[in-house]
Amino acid sequence: MKIFIQILVFLAAFSIMEFMAWFTHKYVMHGFLWSLHRDHHHKDHGSWWERNDLFFVFYAVVSMSCILFHDSLTFWVGRPIGLGILAYGIAYFVVHDIFIHQRFKLLRNANNWYAKGVRRAHKMHHKNIGKEKGECFGMLVVPFKYFKK
């Protein structure tokens with residue numbers, strides 16, 4: 001029974017991370033920490049690393065902390081929460097950094113309906129290069145209108 005609950009906690013953590021990504025992107029990255037996110041919208045740098053990548057590092061630290069500080073008696077949900085955050089981070093990295101932005105030249109030929117919708121939504125997000133008036137801040141779950149032809 002405990003493994004079933006841990007799986008549910010893992011799935012909940014993964015799912016909540018989509019909301020956290022949306023919230024952080026809209027209100028933190030396009031808000032008071034725009035100075036860190038700006039270089040992701042303005043490719044005025046020659047580096048592979050962006051200041052924006054610090055957000056990834058933040059969630060990696062949260063994930064590792066949950067995993068490392070879990071305790072089977074007092075903080076048993078730490079491991080499934082940390083692994084859920086890790087799994088979301090991997091999914092985000094594959095979709096955002098590899099598939100959409102092609103930081104690695106992989107998944108270039110993905111053209112199914114989901115791939116097209118996510119690509120369209122992200123393109124609309126980057127259409128506005130400023131801090132305000134952005135749209136579509138999610139990553140894995142985007143509005144249905146981007147899946148229509």
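Tutor: Helices (H or I, at least four residues) and strands (E, at least two) are DSSP runs, numbered from the N terminus. Here the elements run α-α-α-α-α from the N terminus on, with five helices and zero strands in the chain. This is a predicted model, where local features need pLDDT of at least 70 and side-chain atom pairs count only at pLDDT 80 or more, while totals for chains, interfaces and linings use all residues. Residues are numbered from 1 along each chain as its sequence is written, and side-chain values use heavy atoms, with hydrogens and water left out.

Student: How is a pair of packed helices described, and at what angle do α4 and α5 cross?

Tutor: Two packed helices are described by the angle between their axes and the distance between the axes. Axes are lines fitted to C-alpha atoms, for helices over the stretch in contact, and angles run from 0 to 180 degrees between N-to-C directions. The axes of α4 (residues 78–100) and α5 (residues 113–127) cross at roughly 80 degrees and come within 12 Å. Therefore α4 and α5 are roughly perpendicular to each other; that label covers 65 to 115 degrees, with under 35 roughly parallel, over 145 roughly antiparallel and the rest oblique.

Student: Which residues of α4 and α5 make the contact?

Tutor: Contact means heavy atoms within 4.5 Å. From α4 come V95, H96, F99 and I100, and from α5 come A115, V118, R119 and H122.

Student: Is H37 buried or exposed?

Tutor: Buried means under 20% relative accessible area, exposed over 50%, and partly exposed in between (1.4 Å probe, protein chains only). H37 counts as buried because its relative accessibility is 2%. H37 lies in helix α2 (residues 34–41). Leaving aside neighbours within four places in sequence, H37 is in contact with H25, M29, H30, N52, F55 and H125.

Student: What about A21, and which residues is A21 in contact with?

Tutor: A21 belongs to helix α1 (residues 2–32), and at 13% relative accessibility A21 counts as buried. Beyond neighbours within four places in sequence, A21 is in contact with Y88, Y92 and F137. A21 and M139 are 118 residues apart in sequence, yet 7.4 Å apart in space, C-alpha to C-alpha.

Student: How much of the chain counts as buried?

Tutor: Of the 149 residues of the chain, 37% count as buried.
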